[in-house]
Amino acid sequence: MNKKIIAMSLAAVSAVSIFTAALADDTIKVLVNNNQVKFAELDPFIENERTLVPMREIFEALGAEVAWDGETKTIVSYDPVSDVSITMQIGANQMFVGEKAVTLDVPAKIEGSSTVVPIRAIAEGMNSDVKWDNDTRTVTVEKEISAKQ
């Protein structure tokens with residue numbers, strides 16, 4: 001009887017461990033210049049093969065200023081290093097890098113209490129190199145953060 005209880009307990013612990021490991025594998029890590037970006041309220045996630053991340057944290061990690069207009073549901077950012085402004089509206093399938101319209105595969109949207117944006121479109125709009133490592137589920141962004149003197 002005790003052996004059955006021990007075996008059942010071990011099986012339950014193993015199942016929980018496997019489930020926890022599976023959840024951990026879904027975690028997406030974002031690195032900007034080799035520094036991991038911490039997201040306070042919402043973790044990055046994939047939608048239609050695009051990684052979406054909380055707006056404020058990614059813009060700030062990229063060295064940009066960001067503002068939110070709740071009335072028009074518009075995101076406006078300015079990157080002093082690349083001298084680029086990015087404007088995007090919730091649900092719109094395009095963003096503007098300066099005056100140039102850029103088509104988005106996945107538009108910015110509101111998820112819970114966070115506004116999320118497609119990281120590749122944002123980073124490339126700021127002249128950054130973006131890579132995805134499927135094995136480690138890591139987005140790597142290389143960007144010059146400080147203005148040249």
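1. Basis. This is a predicted model, in which local features need pLDDT of at least 70 and side-chain atom pairs count only at pLDDT 80 or more, while totals for chains, interfaces and linings use all residues. Residues are numbered from 1 along each chain as its sequence is written, and side-chain values use heavy atoms, with hydrogens and water left out.

2. Strand S4. Residues 50-54 form strand S4; strands (E, at least two residues) are DSSP runs, numbered from the N terminus. Four of the five residues in S4 are buried, so the strand is mostly covered. Buried here means under 20% relative accessible area, exposed over 50%, and partly exposed in between, with a 1.4 Å probe and protein chains only.

3. S4 and its partners. Two strands count as paired if DSSP finds at least two bridges between them. S4 runs antiparallel to strand S3 (residues 45-47), with three bridges joining them, and Phe45 is opposite Leu52 in S4.

4. Strands of a sheet pair through backbone hydrogen bonds, either parallel or antiparallel. An open sheet here has the order S2-S1-S13-S12, with mixed pairing. Strand S2 (35-36) and strand S12 (129-133) are at the edges, and each has a single partner strand, so one side of each lacks a neighbour in the sheet. S12 is joined to strand S13 (residues 138-142) by five bridges in the antiparallel sense, with Lys131 opposite Thr140 in S13.

5. Pro107. This residue is in the loop between strand S9 (100-103) and strand S10 (109-111). Pro107 counts as partly exposed because its relative accessibility is 25%. Its C-alpha atom is separated by 8.4 Å from that of Met88, 19 residues apart along the chain. Contact means heavy atoms within 4.5 Å. Apart from neighbours within four places in sequence, Pro107 is in contact with Gly91, Ala92 and Asn93.

6. Ser77. Strand S6 (residues 74-79) contains Ser77. With 1% relative accessibility, Ser77 counts as buried. Not counting residues up to four places away in sequence, Ser77 touches Phe59, Glu65, Val66, Val84, Ser85, Ile86 and Met126.
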